Amino acid sequence: MLSGLSVEPNLPEGQGFKPQPSRRVSFAICLFLFIVKAYDLCIFSLFFEQALSIVSVSLLAVQRLSDFSPLFFMGVLEAIVAAFFMNIYIVGLNQLSDIEIDKVNKPYLPLASGEYSVKTGVIIVSSFAVMLPMLRWKRFALVAAMCILAVRAVIVQIAFYLHIQTFVYGRVAVFPKPVIFATGFMSFFSVVIALFKDIPDIVGDKIFGIQSFTVRLGQKRVFWICILLLEVAYGVAILVGASSPFLWSRYITILGHSILGLILWGRAKSTDLESKSAITSFYMFIWQVKR
């Protein structure tokens, strides 16, 4: 993958001493180039969203101003770095499993476009975790949706909260209402992501026999199921906000989620379901709203 890399200087002929490059320098250069390739393989918008989720859920463990200590920030950084490695593994493994499908659905991806060879992709992915090539769960729509729900709704919210609460602060593992609400709210978003991600990919999924919910039910029906779920999530958030004992929290929660719900509905009504680019744009809009 890194063949052709040379750090040896060109010296005049006849010079008696030819210094060898520092092993540390060579390793640092190779590591840097490897990370750049891994970064290209990773979908940065997904990692950025996950990093914001980790920061926000970590803040739920903060009880007093003194909790904002170097220990807290180091704990958050550890979680973000771990999430970065997991993101590369998950996204990379997905691309390795779906190269032929992605040539139809997402030809711009590094492996589908041929920018990276399969060998390079395997090296990058296997460097961050053990490969599990048999677990190609895209073929099973329900299992794939449950995996996304488990990671995005449960693991990201609860596991990273417990990381700060128990490991960093050394406190008893308790689950306050904000954590329970965040987990429930993100469950709606995770189901929507699991359903919506296959809407732009219906052509390639049909060709390769992938029985996603979109293939079974149709693009339009799945699209409006997703919109309904998101609107229900905003409705629940408004009700929870209305029950808050803090006046400022009620105003922000009710007003904020009402505005987001209206924006979502207006954007959904104007989306052309016959256009793949329009559907993909709306999918990215959901990720932005999720943040």
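Contact here means heavy atoms within 4.5 Å. The model is predicted. By that contact rule, Phe196 touches Phe223, Cys226, Ile279, Phe282, Tyr283 and Ile286, leaving aside residues up to four places away in sequence.

**Nonpolar cores**
- The largest nonpolar core holds 28 residues, and Phe185, Phe189, Phe196, Phe223, Leu264 and Phe282 touch the most other members.
- Helices α8, α11, α12 and α13 each supply at least two residues of this core.
- A second, separate core has 17 residues, including Ile54, Val62, Phe72 and Val168.

**Second largest pocket**
- Its volume is about 1100 Å³.
- The lining comprises 32 residues, with Leu60, Pro178, Phe181, Ala182 and His257 closest to the centre.
- Two or more lining residues come from each of α2 (44-59), α8 (177-196), α11 (219-242), α12 (247-269) and α13 (276-290).
- By class, the lining has 18 nonpolar, 10 polar and four charged residues.

**Salt bridges**
- The count is four.
- Asp67 pairs with Arg171 at 2.8 Å, N to O.
- Asp67 sits in the loop between α2 and α3 (70-97) and Arg171 in the loop between α7 (141-168) and α8, so the pair ties together parts 104 residues apart in sequence.
- Asp67 is buried at 5% relative accessible area, and Arg171 also counts as buried at 19%.
- Asp67 also meets Arg64, at 3.6 Å, N to O; Arg64 is partly exposed at 45%.
- Lys103 and Glu100 form a salt bridge at 3.4 Å, N to O.
- These two are three residues apart in helix α4 (residues 99-105), so about one helical turn separates Lys103 from Glu100.
- Lys103 is partly exposed at 43%, as is Glu100 at 44%.
- Shared partners join Arg64, Asp67 and Arg171 into one salt-bridge network.

Terms used:
Residues numbered from 1 in each chain as written. Predicted model: local features only at pLDDT ≥ 70, side-chain atom pairs only at ≥ 80, totals over all residues. Heavy atoms only, no water. 1 Å grid on protein atoms, 1.4 Å probe; cavity = no way out; pocket = protein on both sides within 12 Å on 5 of 7 lines; lining within 4 Å. Points joined across faces, edges and corners; volume = space filled by probe spheres on them. Helix = DSSP H or I, 4+ residues; strand = E, 2+ residues; numbered from the N terminus. Nonpolar A, V, L, I, M, F, W, Y, C, P; charged D, E, K, R; others polar. Core = buried A, V, L, I, M, F, W, Y, C linked by side-chain atoms within 4.5 Å. Buried < 20%, exposed > 50% of the residue type's maximum accessible area, 1.4 Å probe, protein only. Salt bridge = Lys/Arg side-chain N within 4 Å of Asp/Glu carboxyl O.
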